[in-house]
Amino acid sequence: AKKHVLVCGGAGYIGSHMARWLAERDHRVTVLDDLSTGHREAVRWGELVEADIGDADALDRVFGNARFDAVMHFCARSLVGESVADPYAYYTSNVGSTLVLLQAMRRHGVDRLVFSSTAAVFGQPQSARIDEDHPRQPINPYGASKAMVERILADAATAYGLRSVALRYFNAAGASPDGVIGESHAPETHLVPNVLRAALGTGPALKVFGDDWPTPDGTCVRDYVHVDDLADAHLRALDFLDAQAGAHAFNLGNGTGFSVREVIAAAEAVSGRAIPYSIEPRRAGDPAVLVAASDRARAALGWRPAYDRLEPIIETALRWHAAQSF
Ligand code: UDP
């Protein structure tokens with residue numbers, strides 16, 4: 001059955017790809033976004049309600065006007081360094097406002113949620129690949145705020161029967177293959193956009209944060225997963241909740257790590273341009289290696305990332321970035 005989904009944060013990077021993914025599969029989409037970091041022009045699939053999830057009165061109006069089958073919640077502050085510098089802002093947005101949203105869902109009888117979580121809930125990896133049994137010991141307020149919400153979702157399942165799936169993304173990357181929507185943050189702190197902007201000359205030379213990490217080439221290793229593969233996992237998670245009560249969590253990644261140097265090399269191959277970079281000190285809060293074990297998402301959701309290699313992911317991102325520079 002087709003669903004009406006409230007996509008909170010649907011003007012942002014992952015949320016906008018989600019809204020499109022749902023709409024193109026004949027689901028009905030309402031986007032709720034305060035446009036603090038999202039982009040109005042990224043909301044092309046479904047109607048936009050401009051509001052803050054921390055505004056209970058606004059939520060009562062939104063939930064009062066429509067009968068949503070589920071909420072997908074992408075709103076968050078998500079910069080590790082900023083969270084260390086301003087934890088109150090992170091706990092207020094990521095935990096406080098999420099509670100306001102959860103309470104509105106409860107008041108209005110909406111009992112299904114797919115929640116954006118993160119590999120940052122795990123903190124320093126204790127194993128080469130991180131599965132769902134890995135201890136959750138976040139090392140920064142960003143990761144802690146997401147871990148707190150996961151705990152709240154578990155308690156809400158017990159107390160109120162809320163059905164939820166928390167999806168812990170490793171490194172989201174890439175863009176819609178047609179280049180219509182993509183990743184744009186200001187300031188941009190993420191590796192793939194910064195690499196491509198350096199390649200295209202639309203941004204400064206890349207700063208590589210450390211080449212003395214305990215990894216094969218000395219740069220940090222991450223697991224890059226395409227944004228449409230994340231959207232695919234969310235829709236599967238929603239269907240999963242049709243049959244499953246309780247609070248669930250899955251790790252989402254490709255299971256293969258690439259170093260910063262490998263990302264630069266792949267972007268050079270895809271773009272045909274040399275990428276200027278300098279080696280800089282390590283960035284605070286970065287773990288050396290973060291790679292997912294996503295066997296559970298594969299088994300429970302039937303998820304299989306369509307993009308399992310780095311170059312095609314970067315190619316979609318490049319298409320979008322190239323369109324921005326005209
Ligand atoms: N990184 C880098 N230069 C940049 C941005 C990121 O060297 O301009 C490195 C960063 O230190 C990390 C990796 O690239 O090791 C991925 O960082 P990103 O911010 O994209 O994602 P994170 O892993 O922090 O979620």
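Predicted model: local features only at pLDDT ≥ 70, side-chain atom pairs only at ≥ 80, totals over all residues.
**Confidence**

Start by colouring the protein chain by pLDDT. The mean is 96, and 99% of the residues reach 70 or more. For the complex, the predictor gives an ipTM of 0.99 and a pTM of 0.97.

**The ligand**

Select the ligand and the residues around it. The shell holds 15 residues, and those that come nearest are His 190, Leu 191, Asn 194, Phe 209 and Cys 220. Two elements, α6 (191-200) and β8 (206-209), each give two or more residues to this shell. Which of the elements gives the largest share? Strand β8 does, with four residues. Now colour the shell by residue type: seven residues are nonpolar, four are polar and four are charged.

**The cis peptide bond**

Next, select Ala 186 and Pro 187. The peptide bond from Ala 186 to Pro 187 is cis, and its omega is near 0°. Most peptide bonds are trans.

**The nonpolar core**

Select Val 7, Cys 8, Val 195, Leu 252 and Val 263. These residues belong to the largest nonpolar core, which has 105 residues, and they touch the most other members.

Which residues does Val 263 contact, leaving aside its neighbours within four places in sequence? The contacts are Leu 191, Val 192, Val 195, Phe 258 and Leu 310. Leu 191 is also among the residues that come nearest to the ligand, and Val 195 is another of the core residues selected above.

**A three-stranded sheet**

Select residues 221-222, 258-259 and 289-290. Here three strands form an open sheet with mixed pairing, in the order β12-β9-β14. The edge strands are β12 (258-259) and β14 (289-290), and each of them pairs on one side only. Strand β9 (residues 221-222) runs parallel to β14, and two bridges join them. To look at this pair residue by residue, select Arg 222: the residue opposite is Leu 290 in β14.

Most residues other than glycine have a negative phi. The next two selections are residues with a positive value.

Select Asp 26, in the loop between α1 (13-23) and β2 (28-33). Asp 26 is not a glycine, yet its phi is near 70°. Is Asp 26 buried or exposed? It counts as exposed because it has 8 C-beta neighbours inside 10 Å, and the cut-off for exposed is 12 or fewer.

Then move to Leu 35, in the loop between β2 and β3 (47-50). Leu 35 is not a glycine either, and its phi is positive, at about 60°. With 15 other C-beta atoms within 10 Å, Leu 35 is partly exposed.

**A distance to draw**

For the last stop, select Ala 154, in helix α5 (residues 141-160). Ala 154 has 17 other C-beta atoms within 10 Å, so it is partly exposed; a buried residue would need 20 or more. Draw a line from the C-alpha of Ala 154 to the C-alpha of Leu 238. How far apart are these two residues in sequence and in space? They are 84 residues apart in sequence and 17 Å apart in space.

Key: Residues numbered from 1 in each chain as written. Core = buried A, V, L, I, M, F, W, Y, C linked by C-beta atoms within 7 Å. Contact = placed C-beta atoms within 7 Å. Pairing = 2+ DSSP bridges. Near = placed C-beta within 6 Å. Nonpolar A, V, L, I, M, F, W, Y, C, P; charged D, E, K, R; others polar. pLDDT = per-residue confidence, 0-100.
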